[in-house]
Amino acid sequence: MLEYVVLALTVISFVSLLGLCFFRGGFWRADQKLPQQITDCDRCPMVTAVIPARNEAATIQSAVTSLVRQNYRGPFNIIVVDDCSVDDTARLAREAATERNIVTVIPGQPLPQGWTGKLWALDQGLRHGSERWPETEYWLLTDADIEHDPSVLKRLVAKAEFGELDLVSLMVRLYCGSFWERLLVPAFVFFFQKLYPFPLVNQPERSEAAAAGGCMLVRRSALAAIGGVAAIRDQLIDDCALAARISQHGPVWLGLASRTQSLRAYEELAEIWAMVTRTAFTQLNHSRALLVATVISMSLIYCVPPLAVAYGIAVGDVWSAGFGVASWSLMTVMYWPTLKIYDLPRWRGFFLPVAAFLFVLMTVDSAWSHWKGKGGLWKGRSYGGV
């Protein structure tokens with residue numbers, strides 16, 4: 001009896017992976033990227049960058065410097081909102097501005113009820129920018145731990161102008177140095193692409209919408225049309241919430257960056273765990289049904305195949321072992337393009353089931369934290385729970 005159950009589960013896993021491979025927009029190809037070589041726009045509209053920063057002394061200087069050194073020909077301004085930091089964030093941001101006088105550092109006000117900290121800081125920066133540079137046509141919303149490629153702003157604007165897009169976003173290359181980062185960070189990017197298939201997001205006629213908060217170029221008129229970031233003031237997954245709102249008014253585009261990168265390191269498993277559990281259950285709309293469905297589907301698709309291989313070898317079940325090998329091999333091949341982005345060898349693809357299992361545990365822990373009233377804990381602030 002057991003051998004039939006194992007075989008059935010393994011076949012379901014294989015069929016599910018085939019479906020993901022051929023009927024999910026080809027997300028796994030990881031091929032949605034800004035062109036490296038672009039044709040300059042006839043005009044270079046004014047862009048104002050807004051960086052919310054709370055206790056970011058370790059990275060803020062590099063982040064601001066990378067923006068100061070952009071080779072964009074148009075007018076460009078940078079606003080750093082010091083969100084009640086207790087370290088040297090503000091001082092280091094000012095020091096990074098010495099090369100060009102385009103950086104303004106403003107102190108953040110206390111967080112009002114009903115807002116998340118990042119969105120409140122962004123709102124203050126946007127209001128300041130609107131008053132000081134009313135001719136701004138695009139906002140570059142970015143994070144204090146992002147080091148930008150010198151040409152990225154020029155390419156983002158060109159993409160928006162030529163494509164008549166209201167939002168252009170890049171999922172930056174995440175830091176990937178430690179053992180746990182190499183195991184989990186590419187897998188995180190792979191699963192994010194599966195959840196929000198970039199090729200489908202980039203088709204205006206489709207309903208899918210997503211963005212990555214580390215690098216978002218937003219047309220000012222589009223942001224104003226949805227009521228600014230105040231329209232999503234309480235959202236923890238603010239980037240995708242913003243993309244969903246803006247996509248109702250105009251097209252959005254989401255791609256992968258190869259040279260714009262995050263400087264934030266997660267060297268220990270606990271650090272990655274905290275990052276994922278902060279929003280995982282929120283991503284499921286705090287639904288118990290979706291939680292159960294996610295746990296079952298992730299376990300079935302990614303964890304069953306290696307278990308089936310082990311079982312098949314142990315008891316001599318050729319069919320279970322065969323389908324297990326086929327499923328495991330297929331998911332590994334689908335994972336290769338994402339591994340390539342991180343310059344990791346292909347053999348690491350065989351460890352995708354391990355990463356999937358850990359992400360399942362993180363998702364369950366995220367739900368448990370929410371039920372205990374400790375959901376959304378980030379930078380000393382808690383944003384919910386029941």
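I looked up Asp-343 in this predicted model and found that, with a relative accessible area of 65%, Asp-343 is exposed. Its salt-bridge partner is Arg-173, with the closest N and O atoms 3.1 Å apart. I noted that the pair links distant parts of the chain, since Arg-173 sits in strand E6 (residues 167-173) and Asp-343 in the loop between helix H13 (318-341) and helix H14 (352-371), 170 residues apart. Arg-173 has a relative accessible area of 17% and, being under 20%, is therefore buried.

I then turned to the other salt bridges, of which the count comes to 15. I found Arg-264 paired with Asp-145, the closest N and O atoms being 3.0 Å apart. Arg-264 lies in the loop between strand E8 (252-262) and helix H10 (269-277) and Asp-145 in the loop between E4 and strand E5 (146-147), so this pair ties together parts 119 residues apart in sequence. I recorded Asp-145 as buried, at 7% relative accessible area.

For Glu-137 and Arg-43 I read an N to O distance of 2.9 Å in their salt bridge. Glu-137 is partly exposed at 31% relative accessibility, and Arg-43 is likewise partly exposed, at 39%. I also noted that salt bridges with shared partners join Arg-43, Glu-137, Glu-161, Asp-166 and Arg-219 into one network.

Definitions and conventions. Residues are numbered from 1 along each chain as its sequence is written. This is a predicted model: local features need pLDDT of at least 70, side-chain atom pairs count only at pLDDT 80 or more; totals for chains, interfaces and linings use all residues. Side-chain values use heavy atoms; hydrogens and water are left out. A salt bridge is a side-chain nitrogen of Lys or Arg within 4 Å of a carboxyl oxygen of Asp or Glu. Buried means under 20% relative accessible area, exposed over 50%, partly exposed in between (1.4 Å probe, protein chains only). Helices (H or I, at least four residues) and strands (E, at least two) are DSSP runs, numbered from the N terminus.
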